[in-house]
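Please look through the sequence and the structure below, and then follow the explanation with both in view.

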Amino acid sequence: GNDCADFSLGTYNVITANLINCGDKGISVGEKSNATIKKLEVSTSEIGVASKDGSKVLINDSLISNTNFCLSAYNKKNEFDGGIINVNNFVCKNSNNSTDIDNYSKIIIKENI
């Protein structure tokens with residue numbers, strides 16, 4: 001009922017992730033972390049990928065489906081900045097919203113398929 005993968009305070013490289021039936025988030029990246037994800041599939045969660053609190057997420061290929069938000073970037077804790085998501089080859093299917101972003105954050109989609 002929570003996140004499938006939760007990363008904080010570090011640098012992470014993910015080659016392939018196939019995440020199904022995550023309760024809250026498929027991937028959550030927080031607290032000034034840097035995450036690079038080569039290939040990502042997320043199905044059936046509240047949020048596909050969340051970047052928060054000064055974190056940066058780079059995704060090369062993604063297929064996110066059956067979510068409320070495919071991508072979400074925001075500031076949660078006062079001592080940090082917002083989150084950044086930079087994605088290439090982005091597919092968001094059967095989801096209520098493609099993105100959710102606050103005034104402190106950025107989501108950059110280079111190719112929306």
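The paragraphs that follow lead through the disulfides of this predicted model and then turn to two further residues.

By the distance between cysteine sulfur atoms, the count of disulfides comes to two. One of them joins Cys4 to Cys22, with 2.0 Å from S to S, and because the torsion about this S-S bond is about -105°, the disulfide is left-handed. Cys4 lies in the segment before E1, whereas Cys22 lies in the loop between strand E2 (11–20) and strand E3 (25–30), so the pair ties together parts that are 18 residues apart in sequence. Cys4 counts as partly exposed because its relative accessibility is 39%, while Cys22, with a relative accessible area of 3%, is buried, since buried means under 20%.

The sulfur atoms of Cys70 and Cys92 are also 2.0 Å apart and form a disulfide, and this link, with 80° about the S-S bond, is right-handed. Cys70 lies in strand E5 and Cys92 in strand E7 (residues 90–93), so this pair ties together parts that are 22 residues apart in sequence. Cys70 is buried, with a relative accessible area of 0%, whereas Cys92 counts as partly exposed at 26% relative accessibility. When the bonded cysteines are numbered in sequence order, the pairing reads 1-2, 3-4.

Strand E5 (residues 56–74) also holds Ser62, which counts as buried because its relative accessibility is 6%. Among the residues that Ser62 touches beyond four places in sequence are Leu40, Val87 and Phe90.

Asp3 lies in the segment before strand E1 (5–8). A polar atom of the Asp3 side chain lies 3.2 Å from the backbone nitrogen of Lys25, and, not counting residues up to four places away in sequence, Asp3 touches Asp24, Lys25 and Ser28.

Methods:
Residues numbered from 1 in each chain as written. Predicted model: local features only at pLDDT ≥ 70, side-chain atom pairs only at ≥ 80, totals over all residues. Heavy atoms only, no water. Helix = DSSP H or I, 4+ residues; strand = E, 2+ residues; numbered from the N terminus. Polar contact = N/O pair within 3.5 Å; in protein donor to acceptor, adjacent residues only side chain to side chain. Contact = heavy atoms within 4.5 Å. Buried < 20%, exposed > 50% of the residue type's maximum accessible area, 1.4 Å probe, protein only. Disulfide = S-S within 2.5 Å.
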